[in-house]
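Work through the exercises below with the model open. Each task is followed by a solution in steps.

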Amino acid sequence: MQYEAIIGLEVHVQLKTRSKMFCGCTTEFGAPPNTQVCPVCLGYPGSLPVMNEDAVRKTILAGLMIGSEITRFSKWDRKNYFYPDMPKNYQISQYDLPLCKGGAVGKVGITRIHLEEDVAKSFHFETTSGVDFNRAGTPLMEIVSEPDIHSPDEAFAYLTALKEILISGDVSDCDMEKGQLRCDANVSVRPVGRKTFGEKIEIKNMNTISGIRRALAFEIQRQTAALEKGEKLQQETRRWDEAAGKTFVMRTKEYAHDYRYFPEPDLMPVAVSDAMLEEIRRLLPELPEAKRQRFIKQYGLPEYDAGVLVSSAALAQYYERAAANSKNPKAISNWVMTELLAKLSDISASPIAPEHLAELVAAIDAGQISGKMGKEVFAEMFATRKSATAIIKEKGLVQVSDAGAVEAFVEQAIAANPKSVADYRAGNSAAINFLKGQVMRLSKGKANPQLVGEILESKLRET
Ligand SMILES: [Zn+2]
C-alpha cells in the first residue's frame, strides 16, 4: 500500500521590536540572565501590561505580505498553564480573534497569524535547573499553516520562503541560532486515496531548518512502518532529538493541556483603523515572486537566473547594483551565479564590489580584454578587492586589437608553420586552430582572438 504524509507547521517568530510585548524592557539578545526584566515580565502581582503597538503593526505587515485578511477587531486572551517559564501562570495570547486570517506562502495555505508573548528560557543542569527571564515577554508571532505540506522537502521550501518574506519586510531577523524562528509540526500519515486524516502527532524541539527536514523524514518513515505492521498510532506529542536523529514521546493525549482560555481583562481589544492599515500598507516591500517577474522583464534574464538571484534579498540587491551600471545584465548574472556564488555562500561578504563587477563585464564587452583575461582579472579582484580597471592597468593586460600588430603576429606564425598552412590549404580546416594558438602564443595571450581569426583566414586565402 502507498502512504502519503500530511504536514501542518506552526512557526513562532520573534518580532524585531526594541521593547517587549507588554513592558518597556529591551529585547536585545545575549545579555547575562535575568538582567532585562521588570515587574510586568516577571509577573509581579499588581503590575499591568501595556501593549506594544509596533509589534501589532509588524504582525499586520507580515499578514499583508502573505495575503492574509487583516481582521479589524482583535483581542487578547489568557492561556493558562503552570510551568516555571511563565511566572504569571498564564501567557497573554490571542485565541478566537487573531490579527490575521488566511493567506498563502507559495502553495501552502495559511490558517492564521496571531501575536503573543514569548516565555522564559529554561536550562537544565545536572542536578538543578535555571530560568532566564530576559526572553519572557518578547513579542512572538505564531504563523499556523494549513495541512498542505506533503514532504520534508516541501516543508523546507515553505520555511525558506516564509523566512525570506519576513526578513524582506524587516518583521524579524529569523535567526534560528538566536531562537528567533522556531517551529512545531503536526504530522500524520494515511493510505493514498483516503480522505480522513490519520492520528495527528505533534513534533517539538526542531531548532534548524535542516533539523526540521530530518525530523519530518524520520517521523513519516516511523509512522508508515507502524501502519504497515498493522499498529494503531495514537495522538501524542513527540520531541525531536537532533543528536539521536529520532523523535521520542513527550506526552500522550491523556496529558493534553486544557488551557482554559479567557479574555485578558487588563488589556483593551485591538481596533485597526483604515488610516493605520494604510500606513502599514505603504511599508510593503516588493515580494520575491514580484521581484522575480521584474528581473525577467527589466533585465531580460531567463527564469532560472531570476529565481536564483531573488532567492535572497542581499543577492538581489547586489545584482541590481551591478546591473544598474552595466549594458549587459545577462553577463552580470552569469558572473554572479557561476563565479561569485561558487566562492561565496553569503554575497554580503563579497570582496568584489558590484560596481567593479560591472566594470569587468564592460572591459570584456568592449574588447579591451578577452574573456580568458577576464577570469584572471576576476580572481585578482577577488583576492585584492581592487577594481577591474586598476588590475588591467597594473598587469598590462590590455588586449591587442590593433590590426597592424595582430597582422604581424599572423605573418610570423604563417612563416614558422608551413606544414599547417599547407594542410589548411589542402582542405583540413581544423589546421587553422593550431595556427590561431601560435598567434596567441606570440602575442602572449593579448591578441584579440576574434581579430586573429579574421586576419588569419584572409591571409591563408591569399596565395
Ligand atoms: Zn519587562
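**Exercise 1.** In which crossing, left-handed or right-handed, does α14 pass α15?

The model is predicted: local features need pLDDT of at least 70, side-chain atom pairs count only at pLDDT 80 or more, and totals for chains, interfaces and linings use all residues. Residues are numbered from 1 along each chain as its sequence is written, and side-chain values use heavy atoms, without hydrogens and water.

Step 1. Locate helix α14 at residues 431-442 and helix α15 at residues 449-461. Helices are DSSP runs of H or I with at least four residues, strands are runs of E with at least two, and both are numbered from the N terminus.

Step 2. The two helices pack at an angle of about 125°, with axes 10 Å apart. Axes are lines fitted to C-alpha atoms over the stretch in contact, and angles run from 0 to 180 degrees between N-to-C directions. α14 is therefore oblique to α15 (under 35 degrees is roughly parallel, over 145 roughly antiparallel, 65 to 115 roughly perpendicular, the rest oblique).

Step 3. α14 passes α15 in a right-handed crossing; this applies if the near helix is turned clockwise from the far one by less than a right angle, and anticlockwise gives left-handed.

Step 4. Contact (heavy atoms within 4.5 Å) involves I432, L435, K436, V439 and M440 of α14, and P449, V452, G453, L456, E457 and L460 of α15.

**Exercise 2.** Which residues make the contact of α12 with α14?

Step 1. Helix α12 covers residues 403-416 and packs on α14 at about 125°, with the axes 9 Å apart. That angle makes α12 oblique to α14.

Step 2. On α12, the contact residues are F409, V410, Q412 and A413; on α14, they are L435, Q438, V439 and L442.

**Exercise 3.** Which residues line the largest cavity?

Step 1. The whole structure has one cavity of 30 Å³ or more. On a 1 Å grid over the protein atoms alone, a cavity is a set of points where a 1.4 Å probe fits but cannot get out; lining residues have an atom within 4 Å of a point.

Step 2. The largest cavity holds about 50 Å³, a volume being the space filled by probe spheres set on points joined across faces, edges and corners.

Step 3. Its lining consists of E164, S168, E286, L287, P288, K291, V310, S312, A313 and A316. At least two lining residues come from each of α2, α5 and α7 (313-324).

Methods:
On a 1 Å grid over the protein atoms alone, a cavity is a set of points where a 1.4 Å probe fits but cannot get out, and a pocket is an open set with protein on both sides within 12 Å along at least five of seven lines; lining residues have an atom within 4 Å of a point.
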